[in-house]
Amino acid sequence: MALTKKQIKQLRSLGQKLKPELIIGKNGITDATVAQAEESLEAHELIKCSLLEGCGYTAKEAGEEFAERLHAELVQTIGHRFVLYRETSKEGVERIRLVRE
């Protein structure tokens, strides 16, 4: 699913208000961090992740890796943080209503 420019702008705006759900430390990207990101995406659809110094990745590299492994969209990278979006398949979760072009 490719996001439009308007949808990315909308998600970036929503992402600014978020606190990091996932913090990646010196162990880098592990199966455990990917599983944690998976759970967070299913619960919230939009998550912010933060990298600690010395984790060995840039935010862009880590964001792309997570996006690929989780079939999510990398919405934004700023400094040591990145924002991911994926529509949830869970019932009862408040969904983000994306703008239509």
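Colleague: How many residues does helix H2 have, and how far does it reach?

Modeller: Helix H2 covers residues 31-44, which is 14 residues, and reaches 20 Å from first C-alpha to last. That is close to the 20 Å expected at 1.5 Å a residue; the expected span is 1.5 Å times one less than the number of residues. Helices here are DSSP runs of H or I with at least four residues, strands are E runs with at least two, and both are numbered from the N terminus.

Colleague: Before we go on, what kind of model is this?

Modeller: It's a predicted model: local features need pLDDT of at least 70, side-chain atom pairs count only at pLDDT 80 or more, and totals for chains, interfaces and linings use all residues. Residues are numbered from 1 along each chain as its sequence is written, and side-chain values use heavy atoms, with hydrogens and water left out.

Colleague: OK, back to H2. Which of its residues are buried?

Modeller: Thr-33, Val-34, Ala-37, Ser-40, Leu-41 and Glu-42. Buried means under 20% relative accessible area, exposed over 50%, and partly exposed in between, with a 1.4 Å probe and protein chains only.

Colleague: And what covers them?

Modeller: The cover includes strand S1 (22-24), strand S2 (46-51), H3 and strand S4 (81-85).

Colleague: What happens just after H2?

Modeller: Glu-45 sits there with a positive phi of about 70°.

Colleague: Switching to Gln-76: where is it, and is it buried or exposed?

Modeller: Gln-76 is in strand S3, residues 73-78. Its relative accessible area is 14%, so Gln-76 counts as buried.

Colleague: Which residues does Gln-76 touch?

Modeller: Leaving out neighbours within four places in sequence, Gln-76 is in contact (heavy atoms within 4.5 Å) with Arg-12, Arg-81, Phe-82 and Val-83.

Colleague: What about Glu-68, buried or exposed?

Modeller: Glu-68 has a relative accessible area of 65%, so it is exposed. Glu-68 lies in helix H3, residues 59-70. Its C-alpha is 13 Å from that of Val-83, which is 15 residues away along the chain.

Colleague: Zooming out, what's the overall pattern along the sequence?

Modeller: There are 3 helices and 4 strands, and they run α-β-α-β-α-β-β.

Colleague: How much of the protein is buried?

Modeller: Of its 101 residues, 42% count as buried.
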